[in-house]
Amino acid sequence: MGAVIDSGEFGSRQRQTVLRLATLVIFSILFLRLYQLQLVSHTEFGKKSEENSVRTVIKDPVRGDIYDRTGRLIVDVGPSFAVTAAPASFDSATARELGELLQMDPVQITERVNKGRQYSRFSPVRIKRDVDFKTLSAVEEHLYLLRGISYEVESKRLYNAPIRASHLLGYCKEITEAQLARYGDTYRQGDLVGSSGLESSYETFLRGERGFEYIAVNSKGQQLGPLEGGQRDIASKEGFDLVLSLDAGLQACAESLMTQYKGALVAMDPNTGGILAMVSKPDFDPSVFSGVTASEDWTRLNTDDGKPLFNRATMSRYPPGSTFKMVVAAAALEEGLIDEHYRITCTGGFRFGRRLFRDLHVHGSVNVVEAIQKSCNVFFYQLVLKVGLDKLNEYGKKFGFGHATGVDIAEETSGLLPSEAYYDRVYGKDKWTLGNVVSLGVGQGEIGVSPLQMARYASSLANGGILLQPHAVDRIYNKRVNRYSVVDVHGVPLGLSPKTIGLIREGMRAAVELPGGTGSLARIPGIESAGKTGTAENPHGKDHAWYIGFAPFDNPKIAVAVLLENSGFGGAKAAPLARALMHRYLFGETLQPERAAIAAADSRH
Amino acid sequence: MNQYFKEYFDTKTFLICLGLVAMGLLSIYSATFDINNAANFHRQAVWAAIGFVGMLITAFLPARTIQRLAFGLYATVIVVLLIVLVVGSTIKGARSWFGVAGLGGQPSEFAKVATILAAAAYLARMEVSITRLKDLLITLAIFAGPMALILAQPDLGTAIVFFAVLLPVLYWAGATNFILIAILVPILVAFGALFGTAQFLIAAGIGAALLYYFRENRFAVAVAFGIALAVGLSVQIVYDRLPAYQQKRIATFLNPETDPLGAGYNVVQSKIAIGSGGLAGKGYLRGTQTQLNYIPEQWTDFIFCVPGEEFGFIGATLVLGLFAALVFHGINIATLSKNKFGSIGAIGVTAVLATHVAVNVGMSMGLMPVIGIPLPFLSYGGSALVATMVMAGLLMNFYANRKEH
């Protein structure tokens with residue numbers, strides 16, 4: 001119905017309807033949009049509103065400690081301060097001010113902040129780590145000038161004991177992009193990750209689990225307090241501690257004995273395979289990598305000719321020299337090719353084909369025990385031909401050569417143990433002869449072993465024929481439940497008859513204890529020990545010196561392998577070093593290598 | 001007395017108005033109680049009381065009185081607007097406030113009321129017919145005057161509201177379709193010009209077709225088209241003279257997410273607030289976007305976020321529903337009213353309310369560009385609240401006098 005009007009269209013029915021329709025359409029659009037936002041996309045917006053208002057603070061876990069076998073703390077964790085910036089509040093004035101306080105380029109600071117901003121506006125970005133207390137105090141004093149700046153307490157490694165054990169322990173570094181891509185879930189930019197040695201191989205045990213704190217923030221980025229009273233917070237979990245087989249006192253002794261040498265030393269428990277000491281020289285102070293490493297230090301270590309970062313104990317290959325003779329002997333005895341009565345006459349040389357293989361002395365008539373004692377080359381030149389390459393390879397493998405030991409330290413070499421296939425590959429089929437094999441009899445030529453393999457080898461001779469699993473860690477301690485987990489290690493019997501083992505051990509005992517033995521400088525006053533010297537031919541310079549041994553002869557407690565680069569005859573310097581070490585372990589005091597004895601030995605050979 | 005009540009008291013408008021004001025007070029409290037602006041709630045309550053009185057006075061005024069006062073009011077408002085332009089202080093970049101005896105006032109809010117009343121009074125005259133060109137032009141001038149002064153402040157938002165009210169008023173008063181098209185086509189063309197040359201030409205083409213279809217005579221078509229082209233071509237000039245923030249608002253309207261920390265920030269946060277409310281909301285005083293102040297000036301232009309976030313779909317629908325009911329009721333009053341003044345007045349008032357709701361809520365939900373206009377009854381602001389409640393009073397008045405001629 002309409003009003004009294006004159007112009008035709010005023011308030012007409014049609015126009016009423018149009019207006020009502022228009023209203024309906026407009027409000028329908030609004031309702032639909034409301035429906036879309038609140039009911040269809042509800043979860044998406046709910047999530048966004050949570051992201052707005054809750055800041056997640058990651059609580060880094062405390063890394064586990066490392067103890068030696070006596071329970072002495074050798075690697076600890078201490079506080080390290082990192083200055084952080086929140087991207088949302090950061091500005092160029094702050095960059096300049098901070099640059100001055102931290103002695104950093106403001107452009108670099110801004111770059112870091114911008115990188116972090118892509119991840120989150122509010123998550124603090126580490127600007128500089130491991131700042132000293134003085135710098136931190138200065139920052140704190142100037143906080144009113146620095147928007148969004150704060151600091152985090154991180155942890156860094158502290159090295160307590162007077163040992164380095166740099167290669168065994170290893171160090172941690174900031175996580176790389178590649179590692180982040182792989183383990184991204186539990187790590188974030190800037191986290192420390194073990195990157196060598198035990199720090200690396202036991203990373204998952206040592207690290208622990210990080211925790212999360214949730215804090216309510218307003219649009220200015222101001223923290224208002226813990227979300228829901230901290231109910232949703234997750235506490236961080238400490239990492240596990242490692243208890244090593246290592247004896248810190250012994251390690252310190254070993255490191256000082258090796259000070260002026262290049263080479264490696266591995267001391268092993270012949271009953272368990274636990275590593276009592278491991279030294280590789282030159283080495284470095286592991287605290288260089290703790291906190292933040294100055295780039296000069298890193299460059300220096302990387303470019304040093306002596307390769308201090310390289311673990312010679314596990315990664316180097318040297319020809320074993322005469323120390324390999326026991327393998328040949330074991331093969332021959334076990335295969336029934338010879339027995340204790342078998343003798344040859346050593347004339348100082350061995351002719352094979354057109355070559356003459358020399359011996360250092362004329363030994364006369366020797367059996368296997370004496371051949372080991374006096375380190376007669378001729379005996380073994382002809383013995384290895386009897387044994388043959390295949391059998392040699394087989395027994396070499398038995399004693400742990402040619403394959404990695406599986407030790408729980410990051411990297412190791414498998415060494416080189418030749419076989420027919422190997423020579424075929426290197427020289428070509430029918431292009432090599434038994435002449436190559438002859439040198440193997442005295443551990444020279446294409447054969448390479450690591451000091452770790454040698455220590456295991458010595459241990460298997462010490463313990464009567466069991467090949468052990470070398471390991472650095474003895475137990476892992478779980479702080480959360482106060483429980484130890486023992487590292488499970490099995491030895492594998494070599495399968496040699498007691499007679500074979502007995503003869504070989506006798507030969508080694510004779511080498512140390514009886515006159516004419518090459519290892520007389522390894523003699524430990526008061527007890528009987530056994531060992532074998534060796535000299536690795538070095539085509540590039542002076543020969544390397546080897547000594548392997550164990551003590552006491554009955555019920556051995558320690559087996560040792562020593563390699564001194566460019567030090568000439570094994571009996572001269574390596575043997576007395578081993579003696580000093582074993583004495584320290586058994587009696588608690590270090591015998592100084594007697595220089596007179598060395599001089600005398602030098603003149604004798 | 002009871003008889004009078006049933007016959008003449010506009011209960012619907014009264015209750016809807018109170019309900020929305022109450023919701024507004026609740027929302028403002030929630031948005032402001034724990035920060036520096038806690039005083040806003042109290043101020044709004046005072047203004048609500050004043051508005052309530054104003055509403056009742058307006059509702060019970062005799063019908064003729066208002067009609068007689070209309071032109072006087074209009075003249076006063078024009079003068080005040082002029083003074084404001086010259087003397088008024090700048091708040092948020094617009095000379096729209098006017099301090100008198102320590103109280104702030106926004107004359108443009110009252111200008112809306114005065115213009116509608118003046119236009120309704122004019123069109124209600126026996127000798128005036130909207131179909132006559134002269135009368136049409138005068139009506140346009142009644143709107144154009146305040147519109148120009150407000151645009152000069154510059155307050156684009158309110159000027160747009162004026163325009164959005166003009167069309168339904170003309171439509172209801174009986175303007176011919178051609179006139180309406182002739183007014184709409186320049187807008188269409190201007191819009192096209194904003195987007196680009198190709199769009200401008202397409203819009204001009206459509207406009208020409210529409211004009212021709214609804215033609216009354218060819219001359220009129222030519223003139224109208226000419227005006228449209230002129231408007232379209234001058235769009236660029238006007239755009240360039242807009243303040244930077246207005247330009248940016250138009251630019252980021254289409255995609256607020258591209259500048260989430262800048263011009264698009266409000267809308268992005270607003271959508272998050274409303275969307276995250278879900279079905280039943282996060283609870284009163286528990287909306288995280290609101291309580292943690294993620295939406296700047298939340299108690300004014302983005303007040304709709306509060307019921308959206310804290311009372312969810314249920315709450316937001318309730319608010320929208322109340323508004324829809326009020327708009328439909330206004331149209332009913334216009335239909336029922338036997339006198340032209342009341343009828344056109346009702347449409348005018350309803351159009352103001354509807355436009356504000358559509359633009360403000362649309363803006364909060366990312367459907368419209370950010371044009372700074374308040375949500376009636378809810379947004380914080382004394383002048384707007386009082387003016388709106390007076391308009392509600394007018395509706396009640398028109399309802400009461402619907403049987404008068």
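Me: Is the crossing of H1(A) and H16(B) left-handed or right-handed?
Reply: In this predicted model, the crossing of these two helices (DSSP runs of H or I, at least four residues, numbered from the N terminus) is left-handed, that is, the near helix is turned anticlockwise from the far one by less than a right angle.

Me: Which residues make that contact?
Reply: H1(A) brings A:Thr23, A:Ile26 and A:Leu30, and H16(B) brings B:Ala354, B:Ala358, B:Val361 and B:Gly362. Contact means C-beta atoms, placed from the backbone, within 7 Å.

Me: At what angle do the axes cross?
Reply: Roughly 20°, and the axes of H1(A) and H16(B), residues 340–364 of chain B, come within 10 Å. The two helices are therefore roughly parallel to each other (angles under 35 degrees).

Me: Chains next. How many residues of chain A are in contact with chain B?
Reply: 33 residues of chain A are in contact with 45 of chain B.

Me: Which helix gives the largest share of chain A's side?
Reply: H1(A), with 14 residues. H1 (13–40) and H2 (42–53) of chain A each supply at least two.

Me: What about confidence in chain A?
Reply: Its mean pLDDT (the predictor's confidence in each residue, from 0 to 100) is 87, and 93% of its residues reach 70 or more.

Me: Where does pLDDT stay under 50?
Reply: Over residues 1–7 of chain A, for which the model has 18 contacts beyond four places in sequence.

Notes
Residues numbered from 1 in each chain as written. Chains lettered and ligands numbered in written order. Predicted model: local features only at pLDDT ≥ 70, side-chain atom pairs only at ≥ 80, totals over all residues. Contact = placed C-beta atoms within 7 Å. Axes fitted to C-alpha atoms, helices over the stretch in contact; angles between N-to-C directions. Parallel < 35°, antiparallel > 145°, perpendicular 65-115°, else oblique.
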